[in-house]
Amino acid sequence: MAFKCPACKKQWDVSLQVARHIFGTGDKAHRAWIESQGESYADLLVQQATTPGNASYETVAKLVEKAQDKL
Amino acid sequence: MTTTSLAKQKLSVINTHVVNIDGIAKVTGRATYTFDVKLPGMLYGKILRSPHPHAKILKIDASKALALHGVKAVVTGKDTLGIKQGIWRRYQELCDEQILPVDKVRYIGEPVAAVAAVTEEIAEMALDLIEVDYEVLPAVYEPMDAMKKEAPTIHEGVERNINVTRHIEWGDVEKGFENADYIREDSFFCGGQAHMCMETRAAVSSFTPEGKMTIYHSNQSAYYLQALMAGVLGMREGDIRVIAQYVGGGFGGKFELDGAIFCSAILTMKLFRPVKICYTREEDFIATKRRTPMHYWVRTGVSKTGKFLAREARVVSNGGAYTGMGATALYLTGFFHSFPYKWGGYRYDGYRVYTNTLPSTSMRGFGAPQAMFCSEQQLEWIAADLGLDPIEMRRQNGHTPGYEVPGQAYIDSCGLDEAFDIMAKWIKDKGKLPENRGIGFSAAGFMSGGIFNWFDTPYSFSSAVITINEDGTVILHIGATEIGQGSNTTMAIIAAETLGCKVEDIKVHSGDTDHCPADLGAWGSRQTLMTGNAVMRACEDAKHQLLEFALAKMGLNIVYDLDIKDRWVHIVARPERGMPWEELVKIATRGKDGQRIIGRGYYTPHRKGMISPAYSYMLQGVEIEIDKETGKITLIDSLTAHDCGQPINHLGLIGQLEGAFSMAAGYGYLEYMPYEDGKLMNPNLVDYKMIRATEMPETPVAEIDTYEPEGPYGAKEAGEGLTNPTAAAIGNAIFHALGIQMKECPIRPHMIVNALKEKAEKDKTAKKGK
Amino acid sequence: MEKKAIVLNVNNQDYELYINPKTLLVEAIRDYIGLTGTKRGCETVSCGACTVMVNDMAVKSCSILAIQCQGMKIITSEGLEKNGQLAAIQNAFLHEGSYQCGFCTSGMLMATSALLKETKKPSKNEIKESIEGNICRCTGYNSIVRAVEGVANGKYKEGSL
């Protein structure tokens, strides 16, 4: 199954890739989508920068998966 | 040489002994640097600098300074257009620096006002008379602190002070780690480094009533400076002439706007008299930019035979107050951290964070020395942990010709495999070492110029114009900038080879925006390949025009072709038949109705990905001795195995490699920039230690013969890339000598002493345990 | 401070200067006489870019007052060449590639010239020690050492290229 980016509708096979794309783009639209899901873009970014592992991306990947039905 | 050998001989100038064409000027004191420029009526400028790391500028009162006899003008941010500029012009949000800030300073040493006076001494005295009211703001110096919620905001609207992030990923990282037999995680810190060009930042600007500006400036890219100055002065590029003829070093620190060029320009526009500003050494340390300090976290997964299955790296870099070239360094460190290996899966996340310290930017190696310090040491430790041969472990994962770094880069030529052979032999021949000595080596690779057009230039990346005079002498105009790396000579060699004349026939004009075609300049190891291609094409264009006349004149059967070598125009199959170069040039000039033969060439990389058209490869070996009592490191010997494709300028190549070694070794164990409360503690050459003659070991170079199809005559990068492996090689030598792992560079004596103590404690405990 | 008239002999030429007594030799050479081959790279007598020969000895010209050098023979990099013929050390620098940006070169030439005046066959260590006070950011020094060795062993002679 393919996963679409809720902000710009680009799609990838893996939800984690969509999460990486959202962070990588990091423009207003993508930030706004994360904030609209009740998460802080800045907090997630800092968490990813300062702690080992991939928790921030996984959090966003889950949000992306949940959002797929509504796209 | 007999003429019959001409047809067979492939190259007659390239890679021969050619003395640098600027050499006479440089060894006789004739070369005039910006530092030496003196114009009629010239005034001297000085810059008042912020004593605070973070403060609002409330008011500047210059009335007392202006009253001082001999002072001609004082300018502040209010005298400028207040344009926020940056070299990443393509991205507005990364243009974040006003060279004379209007309302806020963000690091100690940032310009606040500039004075012009009849002497430097008076200008200096005037600085003390300028009164500035500041509202001091809370400051933050470390990126980890700057990302905290409660940290002060350095740039309005930039959340958590995160300036840029970069993400690179290919392959299946998760699967790689799942399949790994061994996973190792390490954290590192790589410090900053001063470019420390022997010529400090210097500019002489002269604005004249017709609205034209001429600027002598010590820089690495006359074209960039012209374009950037046009932007901040609200002028047309063509109305600004930037001249950078002799430049006293660059190393990545001289292609952005600096206080010297900007303030001298603002002053001359007010006064219509030339204004010269030269930085003191202290100013050069505290108020230019520096190599980017980086916190690295690396996790690597390998199979038990040493196959590189996955790597994940995370970097938080100290960006200092502004972006500069930092965005590029942040990307390249992540890219080259994978080098020169094939990874099953690779992931990099880089964060550049603003702090109230000296901005960080590009410096020779462009993020890769930091990347290699972490990567190559961790790989060495992994080999030791698994009992694998560190050379063979690396070799089985090394890049090979034809490899594609997934989605990133295509590798055409690659001499890495042979480099491993050379290094293995050198280490083996060393045999058993005396006590306290160790050998370490490190691999690296580097780019031959960047592709991504962040500057948004409308021009081709390199261009060249070659003009052939009626007497056979040749004038080459290139926009490339000669900063000591020898590009003028390299281009003269390429031109002589292509045209078939001699190096002494050619005059090279470079680094003058009025007279030379636009070229992005000397950074990212781009000139040999990119400008070299433009020069080769310009010469091919001119040569083609010449040979048309030779063919007509000689009236040959159509199956014969002609060539020119060593000023002899000849039939390739019958090299003894032909005519002298000067004769053909005369005929052609007459045939063109008196026009001089002009050849034009340009180069912009296409279909080569977004990073670089070609990559160099190298291994650096070092032998060191360590005093266990004091932790002092002595470099004993070294070996460089290097693949730069076809060498062009042999003397220049050796000089660049030896020079890269000294700068890179300095980064490894000497060059340290300690900050306290945002203030650099050693901004002078007594306390900032670097390699001196007595500390240099022998630096033999083993050249590896490869051919890079994208480069002129098969050439690619040399001289910058070799800054990358050395710090790691020193770390690895320490590891093999003493069994300690150094995770911070520069590796300073107390760190070695402490690590030895810790190791002794650990060994003791382990013994007791048994 | 009251200005004084002094005579400096630079490259076998007398120059009459009217200067402040605290003027450094490097300032006199560069700013008053106008010989800009001698450079400056620091304010702490650490870099050696301003090295000249004073009575055949290598001296950092930022470490001495011009007034102290009256009656002495000062040679700068411009004074090495004689009627278009280069000194052996200049030829050696050219052929060994002992310079890149060239900003330290004058100082290096004078430091090594002074060494060769004092010691005809210096050892490698003596050569390195003679330029320990001179920073070169480009070459890594070894090509400079090779050039001095080349002069000492007769490989390079004075004359044109």
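1. Helix α9(B) passes helix α10(B) in a right-handed crossing; a crossing is right-handed if the near helix is turned clockwise from the far one by less than a right angle, and left-handed if anticlockwise. The names of these elements follow DSSP runs numbered from the N terminus, where a helix (H or I) has at least four residues and a strand (E) at least two. The structure is a predicted model, in which local features need pLDDT of at least 70, side-chain atom pairs count only at pLDDT 80 or more, and totals for chains, interfaces and linings use all residues. Residues are numbered from 1 along each chain as its sequence is written, while chains are lettered from A and ligands numbered from 1 in the order in which they are written.

2. Two packed helices are described by the angle between their axes and the distance between the axes. For α9 (residues 326-336) and α10 (residues 368-386) of chain B, the axes come within 8 Å and cross at roughly 35°. Axes here are lines fitted to C-alpha atoms, for helices over the stretch in contact, and angles run from 0 to 180 degrees between N-to-C directions. On the α9(B) side, Leu332(B), Thr333(B) and Phe336(B) meet Ala368(B), Gln370(B) and Ala371(B) of α10(B). Two residues are in contact if their C-beta atoms, placed from the backbone, lie within 7 Å. The residues of this helix contact comprise four nonpolar, two polar and no charged. In this classification Ala, Val, Leu, Ile, Met, Phe, Trp, Tyr, Cys and Pro are nonpolar, Asp, Glu, Lys and Arg are charged, and the others, Gly among them, are polar.

3. Which unit do β10(B), α6 and β11(B) make? Together, β10(B), helix α6 (residues 222-233) of chain B and β11(B) form a right-handed β-α-β unit. The crossover is called right-handed if, with the strands pointing away from the viewer, the path from the first strand over the helix to the second runs clockwise. Strands β10 (residues 212-217) and β11 (residues 240-243) of chain B pair in the parallel sense over four bridges; strands count as paired if DSSP finds at least two bridges between them.

4. An open sheet of chain B has four strands in the order β23-β22-β21-β27, with mixed pairing. Its edge strands, each pairing on one side only, are β23 (506-510) and β27 (597-603) of chain B. Direction ignored, neighbouring strands of the sheet are turned by 15° against each other on average. Strand β21 (residues 462-468) of chain B runs antiparallel to β27(B) and is joined to that strand by seven bridges. Within this pair, Ser463(B) has Tyr602(B) in β27(B) as its bridge partner. Helix α13(B) packs on the sheet and touches β21, β22 (474-478) and β23 of chain B, its direction making about 135° with that of β23(B).

5. The domain assignment of chain B gives domain 1 (3-31 + 461-603) and domain 2 (399-440 + 616-770), with bounds taken from an automatic or database domain assignment. The contact between them takes 20 residues from domain 1 of chain B and 19 residues from domain 2 of chain B. On the domain 1 side, the elements giving two or more residues are α13 (487-499) and α14 (527-554) of chain B. That side has seven nonpolar, 12 polar and one charged residues. The C-alpha centres of these two domains of chain B are 38 Å apart.

6. Which of the two pairs of chains in contact share the most contacts? The answer is chains B and C. Here 42 residues of chain C are in contact with 43 residues of chain B. On the chain C side, α2 (88-96), α3 (105-118), α4 (124-130) and α5 (142-152) of chain C are the elements that give two or more residues. Helix α2(C) gives the most, with four residues. By class, this side of chain C has 16 nonpolar, 18 polar and eight charged residues. Chain A and chain C do not touch, their nearest C-alpha atoms being 35 Å apart.

7. Within chain C, α3(C) and α5(C) pack at an angle of about 35°, with their axes 11 Å apart. Their crossing is right-handed. Met108(C), Thr112(C), Leu115(C) and Leu116(C) in α3(C) meet Ile144(C), Val148(C), Val151(C) and Ala152(C) in α5(C). The residues of this contact divide into seven nonpolar, one polar and no charged.
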